[in-house]
Amino acid sequence: MGKILTTARLWLVVTAVALSSPTFITGHVTPRTVLHRLSSSSSFLTRTELWFNQTLDHFSPYNHDKFQQRYYEFLDYFRIPDGPIFLKICGEGPCSGISNDYLGVLAKKFGAAIVSLEHRYYGKSSPFKSLTTNNLRYLSSKQALFDLAVFRQYYQDSLNLKLNKKGENPWFFFGVSYPGALSAWFRLKFPHLTCGSLASSAVVLAVYNFTEFDQQIGESAGPECKAALQETNRLVEQRFETNKKEVKALFGAGELEIDGDFFYLLADAAVIAFQYGNPDTLCSPLVEAKNAGNDLVDAFAKYVKDYFVGSFGTNVQTYNQKHLKNTTPGEDSADRLWWFQVCTEVGYFQVAPANDSMRSSKVDAKYHLDLCKNVFGEGIYPDVDTTNIYYGGTKIAGSKIVFTNGSQDPWRHASKQISSPEMPSYLITCHNCGHGTDLRGCPQSHLNIEGNAQNCSSPDAVHKVRQQLVEKMDLWLSECQVTTGSLNNA
């Protein structure tokens, strides 16, 4: 058997050349995407940057260009030499380190190393100095999956060299949200390169008109809060017709010239309360205002400014299409980059349903298509049918993938929720079980990534799913027989 790696021996196991000093980008990804943000440096197991020379275009036999891709490693729990390697996939935002969530608990239990690769184009892993539409042509989930495959081989070879060994360690992939989809898709496309995957809140279904999103918001809110939120939206629109400038100013969004951008901001402000397990931050003030006969618009505006912008840290410019047109790479480039993926590949258009809507009817398919055209140019729209044909959508024909979802999370309707023996799907049910609950626990007032289940209204529900995940990992890692030079998956 191997032994736990001590800090003093880290350098003897895996080394990498840092091409710049360890400075860190902390960015906020708009909640209209599917990702989270990390709240503080204490949320990381490591923030030490490492670098890898990545292929720009994996599908061209003629283009051999490379770019520098950032990654991280955490080796404190690694069992030399045969411990597993957990690859945590970063997604649609700057990857500032390996977050301190339940994955760290799993790594300690299994004696695993953790590595995490920044998604191409995001953060410091940009191949170009200008993010023009033409330069974004290599930004896709398909290229990203090959990035992971090539990096996995590079890291395994480096480890073998440092340990003077042959063969391969067992690998297991993890991802939440869009990275959760990448985790499932990686196992689908490269089953020989991983023993299994966790696809947490994995949005594997590309959707054009994602009306189920708001339907879930209504269910998660409950009858009283739902009625208060719908009345609030009606009153905002009513007042907006009279004096839109005044209403935008009330919400601190005067710079949003396009009306649809403003109403998208308001919709997202409500969404994040349920998506990230903080329903009471929105429902309590709205229901109280409604019951007391107070101004619902003022109550909602206070929530947007104090919580959505204040505590949660949203930048209103995120919703400004002028901002999305900015082609200069920077901390806030993730907004433009993710919209490019939305507008070319996955859709996820959160549109107002015809009936019983939780958002303004101005946020419709036309708004999204106009945004794609305005920001990226003619001919840019999401070919969701092709994406679903390529990956299978919720009919994904993979194996050894665990799907998990929080009961209050609107994104779960783009995930695989029907279980099968080879691809179990677990729903964590509780009042504040949102996006990625199995790895993150349940944040309350702030979005802290610490993996603590005690803040969930039903910790037992989280513990049960975590135990089921451990059992599957135990089984699949044991079935993943290590042979000289290759992995043989059972």
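A disulfide, counted here as a pair of cysteine sulfur atoms within 2.5 Å, joins Cys-225 to Cys-283, with an S to S distance of 2.1 Å. This pair links distant parts of the chain, 58 residues apart: Cys-225 lies in helix 5 (residues 212–242) and Cys-283 in helix 8 (residues 279–292). Helices (H or I, at least four residues) and strands (E, at least two) are DSSP runs, numbered from the N terminus. Both cysteines of the pair are buried, a term that stands for under 20% relative accessible area, with exposed over 50% and partly exposed in between (1.4 Å probe, protein chains only).

The model is predicted: local features need pLDDT of at least 70, side-chain atom pairs count only at pLDDT 80 or more, and totals for chains, interfaces and linings use all residues. Residues are numbered from 1 along each chain as its sequence is written, and side-chain values use heavy atoms, with hydrogens and water left out. The pLDDT, the predictor's confidence in each residue from 0 to 100, averages 90 over the chain, and 89% of the residues score at least 70. Over residues 1–31, however, the pLDDT is below 50.

The strands may be followed next. Strand 6 (residues 85–89) is largely enclosed by the rest of the structure, because five of its five residues are buried. In a regular strand the side chains alternate between the two faces of the sheet. In strand 6, Ile-85, Leu-87 and Ile-89 are buried on one side, and Phe-86 and Lys-88 on the other.

Two strands pair if DSSP finds at least two bridges between them. Strand 6 runs parallel to strand 8 (residues 113–117), to which five bridges join it; here Lys-88 stands opposite Ser-116. Strand 6 also pairs in the parallel sense with strand 9 (residues 171–176), over four bridges, and Ile-85 has Trp-171 as its bridge partner there. Strand 9 is in turn joined by four bridges to strand 10, again in parallel, with Phe-174 and Leu-198 as bridge partners. Strand 10 (residues 197–200) is likewise covered on both faces. Four bridges then connect strand 10 to the parallel strand 13 (residues 401–406).

The remaining topic is the other disulfides. The count comes to six disulfides. One of them joins Cys-90 to Cys-95, with an S to S distance of 1.9 Å. Another is formed by Cys-430 and Cys-433, whose sulfur atoms are 2.0 Å apart; the torsion about this S-S bond is about 105°, so the disulfide is right-handed.

Terms used:
Contact = heavy atoms within 4.5 Å.
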